[in-house]
Amino acid sequence: VDAILTDEYGVDLSGNKQIILFTAHRRESFGEKLRGMLVAVKDIAEKYPKKVQVVYPVHPNPNVARIAKEILGDVDGVVLTRPIPYEPFAELMGRAYLILTDSGGIQEEASVLGQPLLVMREETERPEALGENGKLIGCDRATIVKEVSALIDDEAKHAKMRKPHFGVGGGHAAGAVADHIIDFLK
């Protein structure tokens, strides 16, 4: 998986920089909200040039891809990639210093992985996924930069958010199901 992320997607896994995994693709984010998110990412990359690498698997929708390339295409410290298949993407989520997203599904996955998660939305249909490691921050450029900077600048704050959270259940469902199947088959 490392070779795929490094060779095929240009992600630096050397550990020299903290990885910020960024995704933005929701229709309600199109237009000025998306532009603000992308400019915030540019601001972050420029504020921490030696400290962070932002990895953005760009959604192929032209409403996203065009503006992403326009704003972030030449920014040092930002890696724009094509969408990443699930297994390497899950590995990247697990290695990320923090995840910055407008995605609903990634909220759930990041919470289970215990990754610090900042959700760029005004509301979420998955509030149970936020837990101690997630925070709804909205779409405002200045707020995004402030919230990301707080996690980069304050290791204790970052560490406090680095906790697995199982929004529904306790994370032991597969074992319980397997036990029931074994009992049933006996």
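## Working through a predicted fold: exercises

The crossing of α2 and α3 is right-handed; a crossing counts as right-handed if the near helix is turned clockwise from the far one by less than a right angle, and left-handed if anticlockwise.

That handedness comes back in Exercise 2. A word on the ground rules before we start. This is a predicted model, where local features need pLDDT of at least 70 and side-chain atom pairs count only at pLDDT 80 or more, while totals for chains, interfaces and linings use all residues. Residues are numbered from 1 along each chain as its sequence is written, and side-chain values use heavy atoms, with hydrogens and water left out.

### Exercise 1: the whole chain

Task: work out how many helices and strands the protein has, and in which pattern they follow.

Solution, step by step:

1. Start with the elements: the protein has 8 helices and 6 strands. These are DSSP runs, numbered from the N terminus (helices: H or I, at least four residues; strands: E, at least two).
2. Walk along the sequence and you get α-β-α-β-α-β-α-β-α-β-β-α-α-α.
3. Now check the radius of gyration: 17 Å, close to the 16 Å that the globule rule gives for 186 residues, so the protein is as compact as a globular protein of that length. The radius is taken over C-alpha atoms, and the rule is 2.2 Å times the number of residues to the power 0.38.
4. For the outline, the C-alpha atoms fill a box of roughly 60 × 35 × 35 Å along the principal axes.
5. Burial next: 44% of the 186 residues count as buried (under 20% relative accessible area; exposed is over 50%, partly exposed in between, with a 1.4 Å probe and protein chains only).
6. Finally, take the contacts (heavy atoms within 4.5 Å) with a separation of 6 or more: residues 24 or more positions apart account for 62% of them.

### Exercise 2: helix α2 and its two partners

Task: describe how α2 packs on α3 and on α6, from axes to residues.

Solution, step by step:

1. Axes here are lines fitted to C-alpha atoms, for helices over the stretch in contact, with angles from 0 to 180 degrees between N-to-C directions.
2. Take α3 (residues 62–72): its axis and that of α2 come within 10 Å and cross at roughly 35°.
3. On the α2 side, the residues in contact are Leu34, Arg35, Leu38, Val39, Val41 and Lys42; α3 brings Asn63, Val64, Ile67, Ala68, Glu70, Ile71 and Leu72.
4. Sort that contact by class and you find 9 nonpolar, 1 polar and 3 charged residues. Nonpolar covers Ala, Val, Leu, Ile, Met, Phe, Trp, Tyr, Cys and Pro; charged is Asp, Glu, Lys and Arg; the others, Gly among them, are polar.
5. Turn to α6 (residues 141–153): the axes come within 8 Å and cross at roughly 35°, and this crossing is right-handed.
6. Here Gly36, Met37, Val39, Ala40, Asp43, Ile44 and Lys47 of α2 meet Arg141, Ile144, Val145, Val148, Ser149, Ile152 and Asp153 of α6. By class, that gives 8 nonpolar, 2 polar and 4 charged residues.
7. Zoom in on Lys42, which sits in α2 (residues 32–47). Lys42 is partly exposed because its relative accessibility is 29%. Beyond four places in sequence, Lys42 touches Ile71, Leu72 and Val75.

### Exercise 3: Asp2 and Arg95

Task: find which side chain makes a polar contact with the side chain of aspartate 2.

Solution, step by step:

1. List what Asp2 touches beyond four places in sequence: Leu13, Glu91 and Arg95.
2. Pick the partner: the Asp2 side chain makes a polar contact of 2.7 Å with that of Arg95. Such a contact is a pair of N or O atoms within 3.5 Å; within protein, one must be able to donate a hydrogen and the other to accept it, and residues adjacent in sequence count only if both atoms are side-chain atoms.
3. Look from the other end: Arg95 lies in α4 (residues 86–95) and touches Asp2, Leu13 and Gln115, leaving out residues up to four places away.
4. Compare accessibility: Asp2 is partly exposed at 37%, and Arg95 is partly exposed at 34%.

### Exercise 4: two threonines

Task: decide whether threonine 23 and threonine 81 are buried or exposed.

Solution, step by step:

1. Locate them: Thr23 is in β1 (residues 18–23), Thr81 in β3 (residues 78–81).
2. Read the values: Thr23 is buried, at 7%, and Thr81 is buried, at 7%.
3. Check the surroundings: beyond four places in sequence, Thr23 touches residues including Tyr56, Pro57 and Met120, while Thr81 is in contact with Tyr9, Tyr56, Pro57 and Val58.
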